[in-house]
Amino acid sequence: MQALTFLYTLAISCWLGGAALFTFVLTPKLFAACSRDMAGMIVGLLFPGYFRWGLICGAVALICRLILRGRFSVAAVSILLVMLLLTATQALVIEPRAASIKQQIVSFETTPRDNPLRMEFRKLHGLSMAANLVVILGGVVLILFNSFPANRIPPGSNPATAIYQDIDRRP
């Protein structure tokens with residue numbers, strides 16, 4: 001069971017870390033250092049791997065969580081399912097549609113903002129960003145769940161008494 005707990009924590013940490021790094025470090029640096037079109041092309045090339053990473057980490061975490069059960073299991077499984085659904089939607093629906101639209105736009109630097117293709121791309125980009133932020137928030141909540149100490153009742157003790165003893169020990 002310790003190996004599953006470790007694997008669960010590792011999967012959540014890798015998913016959250018990858019999403020945070022991609023969202024808050026890599027993408028802003030690319031758009032600051034390169035032209036908008038070049039940065040968009042690079043990020044577009046990275047998206048399939050980014051989403052696969054999230055789906056793999058999420059599947060591993062979900063399987064581990066279903067086997068482990070324990071405290072916060074229902075909430076953790078629910079959060080994981082939402083995170084996986086959002087990531088799958090980004091990977092299978094939003095990103096392919098956005099990539100198709102991006103191919104039709106000659107340049108984001110020269111195409112007017114009110115161009116219908118740019119407006120549709122902006123809408124899809126906004127949906128993807130919102131989904132990505134929800135995934136990151138879900139990962140933070142799952143890590144917080146893991147940080148709470150387990151209230152273990154020693155074998156042979158009365159659970160009701162153990163709860164009161166635990167309360168008495170709190171600052």
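Phe22, Phe47, Tyr50 and Phe51 form one aromatic cluster. The model is predicted. A search of the whole structure turns up eight aromatic pairs. In one of them, the ring centres of Phe47 and Phe51 are 5.3 Å apart and the planes meet at 10°, so this pair is stacked. Both residues belong to helix H2, which covers residues 36–68. They are four residues apart, about one turn of the helix. Phe47 is buried, and Phe51 is buried too.

A stacked pair is also formed by Phe72 and Phe145, at 4.5 Å centre to centre and 10° between the planes. Phe72 sits in the loop between H2 and helix H3 (73–104), while Phe145 is part of helix H4 (residues 116–147), so the pair ties together parts that are 73 residues apart in sequence.

| Pair | Centre to centre | Angle between planes |
|---|---|---|
| Phe47 and Phe51 | 5.3 Å | 10° |
| Phe72 and Phe145 | 4.5 Å | 10° |

A charge also meets a ring. Arg65 places its charged end over the ring of Tyr8, 5.2 Å from the ring centre.

Next comes helix packing. Helix H1 (residues 2–33) packs with H4 at an angle of about 145°. Their axes are 9 Å apart. The crossing of H1 and H4 is left-handed. On the H1 side, the contact residues include Tyr8, Ile12, Trp15, Leu16 and Phe24. On the H4 side, they include Leu133, Val135, Ile136, Gly139 and Ile143. What classes of residue make up this contact? The contact of H1 with H4 has 13 nonpolar and six polar residues, and no charged residues.

Which residues does Trp15 touch, leaving aside neighbours within four places in sequence? The contacts are Trp53, Gly54, Cys57, Gly58, Leu80, Met83, Leu84, Thr87 and Val135. Gly54 lies 39 residues from Trp15 in sequence, yet the two are 5.5 Å apart in space, C-alpha to C-alpha.

Terms used: Residues are numbered from 1 along each chain as its sequence is written. This is a predicted model: local features need pLDDT of at least 70, side-chain atom pairs count only at pLDDT 80 or more; totals for chains, interfaces and linings use all residues. Side-chain values use heavy atoms; hydrogens and water are left out. Rings of Phe, Tyr and Trp (its six-membered ring) pair if their centres lie within 6.5 Å; planes under 30 degrees apart count as stacked, over 60 as edge-to-face and the rest as tilted. Helices (H or I, at least four residues) and strands (E, at least two) are DSSP runs, numbered from the N terminus. Buried means under 20% relative accessible area, exposed over 50%, partly exposed in between (1.4 Å probe, protein chains only). A charge sits over a ring if NZ of Lys or CZ of Arg is within 6 Å of the ring centre and within 35 degrees of the ring normal. Axes are lines fitted to C-alpha atoms, for helices over the stretch in contact, and angles run from 0 to 180 degrees between N-to-C directions. A crossing is left-handed if the near helix is turned anticlockwise from the far one by less than a right angle, and right-handed if clockwise. Contact means heavy atoms within 4.5 Å. Ala, Val, Leu, Ile, Met, Phe, Trp, Tyr, Cys and Pro count as nonpolar, Asp, Glu, Lys and Arg as charged, and the others, Gly among them, as polar.
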